[in-house]
Amino acid sequence: MAPFPQLRLRRLRRTEPLRKMVRETRVNIDDLIYPLFVVPGQRVKEEIASMPGNFHLSADQLSQEAEEILRLGIPAIILFGLPETKDELGSAAYASDGIIQKAVRDIKRAAPDLIVITDVCLCQYTSHGHCGVIDDDYVNNDKTLELIARTALSHAEAGADIVAPSDMMDGRVAAIRAALDDSGLHSTVIMAYAAKYASAFYGPFRDAAESAPQFGDRRSYQMDPANVREALREVELDIAEGADIVMVKPALAYLDVIRKVRDAFNHPLAAYSVSGEFSMIKAAARNGWLDEKQTALEVITAIKRAGADMIVTYYAKEAAHWLTSG
Ligand code: PBG
């Protein structure tokens, strides 16, 4: 190979059309998944303080929102619910007329083509804020499985296309698959939050979802941020149990995990760019310290370059505008 001065890598960077021609990674609107927070009440559209531009929406607001999302070309949403009441066992999570179950029915009626993903977890629904059943201050794995499976089944019965367990109990994917198949819901997709870390980047979300644990933390079930080999074991298990899509979460601080999972498995891979990743950019942009559009698109591109096929991001709507307007 001829060295410099014949070889000049800058040649292919000279103009935007040239740069575009050799670009290796392209983010498409098709890659994006937008999170929505559903709250009780009527005519509620309240901005979430820690996540500007994201809203608490009551059921009556959802059809308009769903239509706007579809119009932007975003193919999928992931739903989070804030229930009217919480209890020890999170029973509002698996009530057939629960907040998510109703929301799914409403959205599917208004925008049947929008892919509806539901977050399957108990933490917004339990009085203690943990993702499972508490026994002696410890989250009991096996008792939780039944409730997680019931929750997923109730979402699927309401019409969810994809259920996404985020609780990190061992065995939940198998429990959900069995519950779905026993009810004839063979086509409901499972997107497993397979490698979900105990991350400080969830801070703004816990405000948004009122789901902070009332004692302790989630480190006895979510993963240690220091581990990557363990992430591969988690993904392997979820695939063995029947996950159709696997997820790494958070995304930006875990690009190496995304890459490793991409290289080791052939399943579709999602990455969740979590609330803290969004709020960091938002806050810095509001202070004039970062260019919001450039930074947000750079992060989304990096997540895709690391190997994610789809990206859950609170920037989905803004990104769709940016990607459309060029
Ligand atoms: C529920 C759940 C959480 C997030 C998604 N599902 C919070 C948590 O595990 O504490 C975080 C999402 C975000 O920060 O954007 N288990």
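Predicted model: local features only at pLDDT ≥ 70, side-chain atom pairs only at ≥ 80, totals over all residues.

**Exercise 1. The largest pocket**

The largest pocket has a volume of about 540 Å³. Identify the residues closest to its centre, and state which helix gives the most to its lining.

*Solution.* Step 1: the lining comprises 13 residues, and those closest to the centre are Arg-23, Val-27, Leu-297, Thr-301 and Leu-323. Step 2: at least two lining residues come from each of α10 (292–306) and α11 (316–325). Step 3: α10 gives the most, with 5 residues. Step 4: sorted by class, the lining holds 5 charged, 4 polar and 4 nonpolar residues.

**Exercise 2. The second largest pocket**

Determine which elements each supply at least two residues of the lining of the second largest pocket.

*Solution.* Step 1: this pocket contains about 280 Å³ of space. Step 2: its lining has 15 residues, with Pro-40, Glu-84, Gly-98, Ile-99 and Lys-102 nearest the centre. Step 3: β1 (32–39) and α3 (99–110) each supply at least two of the lining residues. Step 4: by class, the lining has 8 nonpolar, 4 polar and 3 charged residues.

**Exercise 3. The ligand**

*Solution.* Step 2: it is surrounded by 16 residues, the closest being Lys-196, Arg-206, Lys-249, Ser-275 and Tyr-314. Step 3: by class, this shell has 8 nonpolar, 3 polar and 5 charged residues. Step 4: a ligand nitrogen atom is 3.3 Å from a side-chain N or O atom of Lys-249. Step 5: the protein covers 100% of the 400 Å² of accessible area that the ligand has on its own.

Key: Residues numbered from 1 in each chain as written. Heavy atoms only, no water. 1 Å grid on protein atoms, 1.4 Å probe; cavity = no way out; pocket = protein on both sides within 12 Å on 5 of 7 lines; lining within 4 Å. Points joined across faces, edges and corners; volume = space filled by probe spheres on them. Helix = DSSP H or I, 4+ residues; strand = E, 2+ residues; numbered from the N terminus. Nonpolar A, V, L, I, M, F, W, Y, C, P; charged D, E, K, R; others polar. Near = heavy atom within 4 Å. Polar contact = N/O pair within 3.5 Å; in protein donor to acceptor, adjacent residues only side chain to side chain. Areas by Shrake-Rupley, 256 points an atom, 1.4 Å probe, with all protein chains shown as cover.
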